[in-house]
Amino acid sequence: MPNKILLIAEHDGARLNLATAKCVTCARSIPEAEITIAVFAADGAAVAAEAAALSGVAQVLRIDHPAHAQPLAATIAPQAAKLAVDYGYVLGPSTTFGKDLMPRIAALLDAPQLSDVMAVESATRFRRPMYAGNAIVTAEVPTGARLVATVRTASFEAAGTGGSAVISTVSVDADLPSHTRFVSLSAAKSDRPDLQTAARVISGGRALGSAENFQMLYRLADRLGAAVGASRAAVDAGYAANDMQVGQTGKIIAPELYMAFGISGAIQHLTGIKDARTIVAVNKDPEAPIFEVADIGLVGDLFQVVPELEKLLSQSQ
Amino acid sequence: MKRILVSIKRVVDYNVRVRVKPDGSGVVTDGVKMSINPFDEIAVEEALRIRERGLAEEVVVATIGPADCQQQLRTALAMGADRALHVQTEAAIEPLTAAKVLLKLVEREQPLLAILGKQAIDDDSSQTGQMLAALWNRPQATFASKVEIDGDMARVTREVDAGLETLEVDLPAVITTDLRLNEPRYVKLPDIMKAKKKPLETLDLGALGVAAVERIRLLRFEPPAQRTKGTMVKDVNELVDALRKRGLV
Ligand SMILES: Cc1cc2nc3c(=O)[nH]c(=O)nc-3n(C[C@H](O)[C@H](O)[C@H](O)COP(=O)(O)OP(=O)(O)OC[C@H]3O[C@@H](n4cnc5c(N)ncnc54)[C@H](O)[C@@H]3O)c2cc1C
Ligand SMILES: Nc1ncnc2c1ncn2[C@@H]1O[C@H](COP(=O)(O)O)[C@@H](O)[C@H]1O
């Protein structure tokens, strides 16, 4: 018997989010996986085509409706719950989209949810972090019962392409609520790589002291083709936008290179970067906890180090 | 009466460095400082501010857990909440069970808002508020960084991966708090004395008609893989060399 998995796609109306391709990899590690991706969109043609090309996907369901122009949990959840009756697993990414939506689906199904799945051990056993990553727990759910889960995307590579899943358009008979209305989205426009998927990330902390000083990090980032992140303290102080926060309550990332300037290394920050391949820390305090996890550490004043680094890197190119 | 229900969870204080027990059965909690989940403290603060603006008349705080949780309820009362509900149980409470209990309290109290934390920093589930909204069949506005009450609706700014999203929701609704929503007030000594006289009602989980089913078994706790301490370089030249050697620049 295959394990039927329904995966809710995350997208911006035009493109599939890379998080979904990572969820496919997680789903494929469930034994006997048979993966269906559901695309809730106003017009899901392009997104469904991308989803169908992911390798390991058996089927793509397009649920087109004008109400899906914005991904409202209250609108999607009742429909996803109806579709889910044919599936043993309902998965979504552990992004703000998935964190908002999946528990609403789980409750409608009266199913338990595992958040931030980082490894699949069997059809009923999964590993996930708790206590800001200070404990990794192996959790078991009952055999044969439906499970809802969000996938910690930093733990999985994106599935490749080359698949050719069947796309079908379906409509779901569910009452769509009018009690929740989208007003606006203010997104910082940037040509830099996306923080969640960038190979290189330059991050700044409270020590930057101002939004103007963050410009220094943007210049260095542009030199390296990197995304820019920030600690909570830097975001709280208004030096950086909220979507740049890295950590337990911000973004969990796994870049090849993470460079932290003037970040102390609080546990809540470190939990967001522990899967980074190489961590570089620059801090003027030799006792800063960030040095405990850094692969390369430099004790120094970032206001000297950053310009010098930029200069040296530009000479070599 | 215009009422706000706030749920608070007793958790290991965020400053504590949590350690896994050697036998892998859980984390060390003996002698460890316990506090209100930081997001729930923000939830209490937001409810108080809404009441102080005259948009609500009563703030009720609720928790589900063993007798010790009453300390956190008293703290919330000292912050300014009007009354407290303690749903007593020794059992481990999964988010779906917590949501079912909160639904019972919602039915009893008929609040115009239920405010929860966006996540409990022990299980890090980030589920309960959304589940309550589903069971209650009401709107949810999660990860809130700004809340404006406007007649019979609320306009909520949410911290999402792409930036800031604003939703309009009809009341009653569920809101879950993000860190930047507000800064909770400090509790003053006289308030702690006053809080001792405020009503705190104890309810039995079973009597509410909710069973504490265990559907997620936590088999084993392990410490995370440790990153090893790397090398220290002494200047920017050495830093660039080290990056080059690893092929990173
Ligand atoms: C529930 C909860 C959730 C949280 N979630 C997150 C999260 O998701 N992400 C997050 O980042 N934090 C989070 N935090 C906050 C976290 O605990 C820390 O407060 C925060 O990470 C500190 O940010 P910082 O390192 O920039 O500031 P600080 O801790 O103040 O560190 C600044 C550092 O800069 C160094 N410095 C100063 N001047 C210079 C200079 N000129 N050159 C070089 N170095 C210098 C100092 O030595 C110091 O180490 C959370 C906290 C709580 C309670
Ligand atoms: N046992 C509990 N008692 C009171 N509130 C709870 C409990 N469990 C969860 N909550 C609430 O639900 C929020 C999210 O928790 P969680 O879904 O476990 O991450 C918390 O911030 C609390 O507001």
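Author: A residue is called buried when its relative accessible area is under 20%, exposed when over 50%, and partly exposed in between (1.4 Å probe, protein chains only). The structure is a predicted model in which local features need pLDDT of at least 70 and side-chain atom pairs count only at pLDDT 80 or more, whereas totals for chains, interfaces and linings use all residues; side-chain values use heavy atoms, without hydrogens and water. Residues are numbered from 1 along each chain as its sequence is written, while chains are lettered from A and ligands numbered from 1 in the order in which they are written.

Reader: Why does Met1(B) count as exposed?

Author: The relative accessibility of Met1(B) is 61%, so this residue counts as exposed. Met1(B) belongs to the segment before β1 (3-7) of chain B; strands (E, at least two residues) and helices (H or I, at least four) are DSSP runs numbered from the N terminus.

Reader: Which residues does Met1(B) contact, leaving aside its neighbours within four places in sequence?

Author: With those neighbours set aside, Met1(B) is in contact (heavy atoms within 4.5 Å) with Glu57(B) and Glu58(B). Its C-alpha atom is 8.0 Å from that of Ala56(B), a residue 55 positions away in sequence.

Reader: What makes chain A as compact as a globular protein of its length?

Author: Chain A has 8 helices and 16 strands. Its radius of gyration is 21 Å, close to the 20 Å of the globule rule for 317 residues, so chain A is as compact as a globular protein of that length. The radius is taken over C-alpha atoms, and the rule is 2.2 Å times the number of residues to the power 0.38. Of the 317 residues in chain A, 59% are buried.

Reader: Why is helix α3 of chain A described as mostly covered?

Author: In this helix (residues 73-83), 10 of the 11 residues are buried. Among them are Ile76(A), Pro78(A), Ala80(A) and Leu83(A). The buried residues of α3(A) pack against several elements of chain A, including β1 (3-8) and α4 (96-109), and also against β7 of chain B.

Reader: Which residues of the largest nonpolar core touch the most other members?

Author: A nonpolar core is a set of buried Ala, Val, Leu, Ile, Met, Phe, Trp, Tyr and Cys residues joined through side-chain atoms within 4.5 Å. The largest one has 52 residues, and Ile8(A), Val90(A), Leu101(A), Ile105(A), Leu105(B) and Leu132(B) touch the most other members. Helix α3 (residues 95-109) of chain B gives the most to this core, with 8 residues. A second, separate core comprises 40 residues, including Val6(B) and Leu171(B).

Reader: Why do Tyr131(A) and Phe143(B) count as buried?

Author: The relative accessibility is 13% for Tyr131(A), which therefore counts as buried, and 2% for Phe143(B), which therefore counts as buried as well. Tyr131(A) sits in the loop between β7 (125-130) and β8 (135-140) of chain A, whereas Phe143(B) is part of strand β7 (residues 140-150) of chain B.

Reader: What is phi of Tyr131(A), and what is phi of Phe143(B)?

Author: Phi is near 50 degrees in Tyr131(A), a positive value in a residue other than glycine. In Phe143(B), also not a glycine, phi is positive and near 55 degrees. Most residues other than glycine have a negative phi, and most peptide bonds are trans.

Reader: How do you know which kind of peptide bond joins Leu171(B) and Pro172(B)?

Author: Omega is about 0 degrees, and the bond between Leu171(B) and Pro172(B) is cis. Pro172(B) lies in the loop between β9 (163-170) and β10 (173-177) of chain B.
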